[in-house]
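Keep the model open as you read.

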Amino acid sequence: MEILIADDHTLVSFYRKRISCTCLAKKYKEVKSIKKMGYCNNEKCPLPGGKVERSKMLYCTRCSVAYYCSRDCQKAAWSEHREECKERAETNAKFERIRDHDSV
C-alpha cells in the first residue's frame, strides 16, 4: 500500500534492492539526495498534501502506526484515531505476550 504513494527516493531504493539493473543504479544516484517524505495521518493537516519529511514526523506511541507532522495535528486527529489505536494497541499487546511466552 505504501509503495503506491511513495516518493522517488523510496521507490528507486525499493526496486533497486529487488531488480538487478544498471539503470536503477544510475537513477538511485540521482534521487539519493531527495528527502524521504511521509503523509500526516490528520486528514485536515494544514501542510500541502499533508506531506512532511519522514525524519521529522512524530508517531503515536500507543499503536506505532499513525504518523503526524506535529503534536497539534496528532491532537486534532485523536478523535478519529482513538478507536483504531485502541484495537492496534490491543493486538500488539497480544503478540508481545505470545512472543514473551514463547521465549521462556
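Start with arginine 88 and glutamate 84, whose side chains form a salt bridge at 3.0 Å, N to O. Both residues sit in helix α3 (residues 71-102). They are four residues apart, about one turn of the helix. How accessible are the two partners? Arginine 88 is partly exposed, at 38% relative accessibility. Glutamate 84 is also partly exposed, at 35%.

Now move to helix α2 (residues 22-31), which holds lysine 27 and glutamate 30. These two residues make a salt bridge, with 3.5 Å between the closest N and O atoms. Because they are three residues apart in the helix, about one helical turn separates them. Lysine 27 is partly exposed, with a relative accessible area of 34%. Glutamate 30 counts as exposed, at 53%.

Next, look at lysine 56 and glutamate 53. Their side chains meet in a salt bridge at 3.8 Å, N to O. Glutamate 53 is buried, at 18%, because the cut-off for buried is under 20%. A search of the whole structure gives four salt bridges, including the one between lysine 56 and glutamate 53.

How far can the coordinates be trusted? This is a predicted model. Mean pLDDT over the chain is 88, and 93% of the residues score at least 70. Among the elements, strand β4 (residues 67-68) has the highest mean pLDDT, 95. Helix α1 (residues 8-18) has the lowest, 86. Where pLDDT is low, predicted coordinates should not be read in detail.

How values were computed. Residues numbered from 1 in each chain as written. Predicted model: local features only at pLDDT ≥ 70, side-chain atom pairs only at ≥ 80, totals over all residues. Heavy atoms only, no water. pLDDT = per-residue confidence, 0-100. Helix = DSSP H or I, 4+ residues; strand = E, 2+ residues; numbered from the N terminus. Buried < 20%, exposed > 50% of the residue type's maximum accessible area, 1.4 Å probe, protein only.
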